[in-house]
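I opened my notebook today to look around one protein model, step by step. Here is what I looked up, in the order I did it.

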Amino acid sequence: MRKSGLKSVLLALAAGSFHVVFAAGGERQMHKDSTKTKQEWVIHTQQDWESNVSTSSNLEFKDGTAIPTASTAIYKSKLKQFKTPQSAQSIIVAQSPVWQNWEPVQNVGPSNLGDAPIALRVGDDYWMFGRYTYPKNKKKEDFKGKDVTLEGYDIQLKTSPFEEQYDAAGGLNPMLGGYHAWQSKDMKTWIHHGPVSEYFSRWMTTAEYVDGKFYLYYDFPNDQDPHLYIDDNLMDGVPGKNMGMVFKDPTHGSDCAIIRDLDGNFHVIAEDWSPIDASKRSWDSPLAVHAVSKTGKEKFKILAPPVDNRTTPTGEIGTYKHPHWAIEDPKNYKTNIAEYNIHEPEQEAYGDWAAISIGGQYYLFGDFDRSEGEPMSVCWFTSSDINKPFTFCGNIGEGHPDPDIMFAEGKFYLVTQQETDFVSPGPWVEDVALRVGVDTNNDGFANYWTSWQTVSEAYSTVKGFSKQVAKTPAMVDLASLPQGYGFQFEVRITDSTENSSKPILDRLTLTFDN
């Protein structure tokens, strides 16, 4: 051990007690614990899975995970032995965060919500924002709504021409050419509350909520420089306070997502069109911008790109034309022509970002315009830290999605501007059952086993946050197990989903007190 490491350990020993983490090779790491000494048997790396297996069936060990190759699979560990008796406390199972567990559904939002949808959970209320569309052969003024009251709503409502939709007072206000707000308490019945932006601010991209106020972001001009409304009342049918531009994006192509981390910082993820002719790639890019602000209103600091799948720059410069810049904002944009750095070979493009975090695991959803010329779809990336690079997970669907993501009614809703949306119970994939054995007499064999128990993760809201979701791990309490000199576990995997997802094991942690 280096002297600096020894000094750190000695200082830590003076501060309190520790628990010991056993890695696959038996290396021990010491961690502070205020109550007692703990030990952990962790299976996480490729070497861990391979060196700790006793028997397995229908499993492939790849990239530090155990992947089932059939509808059922088994992993049984070797017996981990100790010189002195140990007391097992718990075993926790973690799956791969790739989140393939999605099912297509028909449009889950208001039937007449047009353009790119924005979704936001606030407590037990679910909000969606979009353009208010109306049949071309009809006029809104021709419909006469009838008064009605609905359970759960303490405001007067009127029937609307749309099924499962009612107009609140604000929903009867004149349209302003921008986005409107809809509210629901069950993701089925929607209350229309009217305009939240105007015609010039019609390019809304994302929303957040903090301390009783809605932060509604829009690009102005289109695909440029995030601007902001702050609205403390979405039910009055009147846009909130326009704060103007909050982030002078040095690149073109905003279409951003905003998400607050658990410290309350606002993170913006936006498109960066500098390496691509975005006009030929659905106005998307292989490169994303990441910036952070304490307030969400100003002083965004640019950080490293969260997504960067650029190919090789040629050193040549190309140009493309945007149809809106000089028309919408001639004061700041004298031309619609922009330059970009030509890259080869052709690149995949992503954009129209949306974000969510589950138990500290961050996800970015967006457009996926593949270089091979295949149809567009919605894709997603993930990272265990919003400040670190995101990795590609997969894609689903077909068409230009411009998506958003929301946790509602115990599920995750991936909404798009297409007719098909997607719903998921979460990243966890069913089914995983396990049992743990203990060697009580020190003869090298597990002579007592727990019964089989099926485990799964659970998800819940984080108070005060709209896009942070808490995760309860998949765990079995082992406190009732007798002490022993050795422990062994067995995991039984069954793929019970009808989609392409599999229960991929990423990490198992068996914790002891001695």
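**Entry 1: a word to settle.** Before starting, I wrote down that a residue is exposed when its relative accessible area is over 50%, buried when the value is under 20%, and partly exposed in between. I also noted that this is a predicted model.

**Entry 2: the whole protein.** I began with the overall view. The C-alpha atoms fill a box of roughly 85 × 65 × 50 Å along the principal axes. I looked up the secondary structure and found three helices and 41 strands. Of the 514 residues, 53% count as buried.

Entry 3: How many salt bridges does the structure hold? I found 13, and I picked a few to visit. In one of them R121 pairs with D124, and the closest N and O atoms are 3.7 Å apart. Are the two partners buried or exposed? D124 has a relative accessible area of 59%, which is over 50%, so D124 is exposed. R121 has 11%, which is under 20%, so R121 is buried.

**Entry 4: a bridge across the sequence.** Next I went to R202 and E328, whose side chains meet in a salt bridge at 3.1 Å, N to O. Where do the two residues sit? R202 is in the loop between β16 (190-195) and β17 (204-210), while E328 is in helix α3 (residues 325-328), so this pair ties together parts that are 126 residues apart in sequence. I checked the cover too: R202 counts as buried at 10% relative accessibility, and E328 counts as buried at 16%.

Entry 5: R370 is buried, with a relative accessible area of 17%, whereas E374 is partly exposed at 38%. I then saw that salt bridges with shared partners join R281, E346 and D369 into one network.

Entry 6: I moved on to β19 (residues 226-231).

Then I looked for the partners of β19:

- Strand β18 (residues 213-219) pairs with β19 in the antiparallel sense over six bridges. I found that Y215 has I230 as its bridge partner in β19.
- Strand β20 (residues 241-245) pairs with β19 in the antiparallel sense over four bridges. Here Y229 stands opposite N242 of β20.

Entry 7: I asked how many residues of β31 are buried. Five of the five are, so β31 is largely enclosed by the rest of the structure. Both faces are covered: D404, M406 and A408 are buried on one side, and I405 and F407 are buried on the other.

β31 pairs with β32 in the antiparallel sense over five bridges, and I405 stands opposite L414 in β32. The hairpin of β31 and β32 has two residues between the strands, and E409 there takes a positive phi near 55°.

Entry 8: I stayed with E409, which lies in the loop between β31 (404-408) and β32 (411-415). E409 counts as partly exposed, at 41% relative accessibility. Which residues gather with E409 in a surface patch of negative charge? I wrote down E163, E164 and D186.

**Entry 9: a last look.** I ended with Y340, which has its place in strand β26 (residues 337-344). At 15% relative accessibility, Y340 counts as buried. I took one distance from Y340 to E372: the two are 32 residues apart in sequence and 21 Å apart in space, C-alpha to C-alpha.

Definitions and conventions
Residues numbered from 1 in each chain as written. Predicted model: local features only at pLDDT ≥ 70, side-chain atom pairs only at ≥ 80, totals over all residues. Heavy atoms only, no water. Patch = residues over 30% accessible without salt bridge, like charges linked within 9 Å, V, L, I, M, F, W, Y side chains within 5 Å. Areas by Shrake-Rupley, 256 points an atom, 1.4 Å probe, with all protein chains shown as cover. Salt bridge = Lys/Arg side-chain N within 4 Å of Asp/Glu carboxyl O. Lys, Arg positive; Asp, Glu negative; His and termini not counted. Charge placed at Lys NZ, Arg CZ, Asp CG, Glu CD. Buried < 20%, exposed > 50% of the residue type's maximum accessible area, 1.4 Å probe, protein only. Pairing = 2+ DSSP bridges.
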